[in-house]
Amino acid sequence: MSDESPYILVLYYSRGGHTADMAMQIARGVARVTGITARVRTVPPVSPDTDASVPAVPEEGAVYATVDDLRHCAGLALGSATRFGNMAAPLKHFLDQTGDLWLNGALVDKPAGVFTSTGSLHGGQEATLLTMAVPLMHHGMLLTGIPYTEPALGRTQAGGTPYGPSHWAGTDQPHPVTDDEKAICQRLGERLASLATRLSTTD
Ligand SMILES: Cc1cc2nc3c(=O)[nH]c(=O)nc-3n(C[C@H](O)[C@H](O)[C@H](O)COP(=O)(O)O)c2cc1C
């Protein structure tokens, strides 16, 4: 961990804004815990000439993450819009640049959680969450989901899983994030912040 104040990195890829809305709810949950903050970051889109064509700063929304944002975080919430039951390529592209962190064990024993948004209700939310969990396990992170003590998990009529927050974005008529989905996002943020705080006192 670095000398700077501890933060939970909320890192996501979103094209239509739904996953970005979830990220902000997760940041709200982080804010419930004193002594730690949320750092919300995104990743640029990819294309065949991706590294040459990306502007340094996005036109709107969160700024782009650096590998150092990840290196120095106290915990991580990693989110992506679902692409064929998988995380989107831009997020994978970012993770593929973190070999140095893996070699040096920079993320070992830090708490992490994953979140996603899908177009259809049964379009692969859990599958996508697991694709994001796998590289974080290689990094030695401590994966946490959502416990059923969170009432919204048993009540939701849309997204929300014990593997992590999810959102049913819809296709023809986009759905806003529901109150239950928000509660589940906030619970992840609060849980990561609380776990990171507790783990840092046991170093
Ligand atoms: C190439 C592509 C693949 C997609 N694959 C899936 C899928 O497997 N399951 C699903 O439900 N939705 C799928 N979608 C829909 C997106 O997951 C959905 O629009 C997304 O949740 C929107 O998130 P965003 O607003 O954060 O970009 C796909 C969309 C695209 C463009």
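Mentor: Let's begin with R187, which is partly exposed at 22% relative accessibility. Keep in mind that this is a predicted model.

Trainee: Okay, and which side chain does R187 meet in a salt bridge?

Mentor: That would be E150, at 3.3 Å from N to O.

Trainee: Is E150 buried or exposed?

Mentor: E150 is buried, because its relative accessibility is 8% and the cut-off for buried is under 20%.

Trainee: Where do R187 and E150 lie?

Mentor: R187 is in helix α8 (residues 179-200), while E150 is in the loop between β5 (142-143) and α7 (151-155), so the pair ties together parts that are 37 residues apart in sequence.

Trainee: Switching topic: how many salt bridges does a search of the whole structure find?

Mentor: The search finds 8. Among them is the one between R41 and D69, with 3.6 Å from N to O. This pair links distant parts of the chain, with R41 in strand β2 (residues 37-42) and D69 in helix α3 (residues 67-71), 28 residues apart.

Trainee: What about D69, buried or exposed?

Mentor: Buried, with a relative accessible area of 8%.

Trainee: And which residues are linked with D69 in a network of salt bridges?

Mentor: R39 and R41 are linked with D69 in that network.

Trainee: Nice. One more: what does the side chain of K92 meet?

Mentor: K92 forms a salt bridge with D96, 3.1 Å from N to O. K92 is partly exposed at 38% relative accessible area, whereas D96 counts as exposed at 52%.

Note on methods. Residues are numbered from 1 along each chain as its sequence is written. This is a predicted model: local features need pLDDT of at least 70, side-chain atom pairs count only at pLDDT 80 or more; totals for chains, interfaces and linings use all residues. Side-chain values use heavy atoms; hydrogens and water are left out. A salt bridge is a side-chain nitrogen of Lys or Arg within 4 Å of a carboxyl oxygen of Asp or Glu. Helices (H or I, at least four residues) and strands (E, at least two) are DSSP runs, numbered from the N terminus. Buried means under 20% relative accessible area, exposed over 50%, partly exposed in between (1.4 Å probe, protein chains only).
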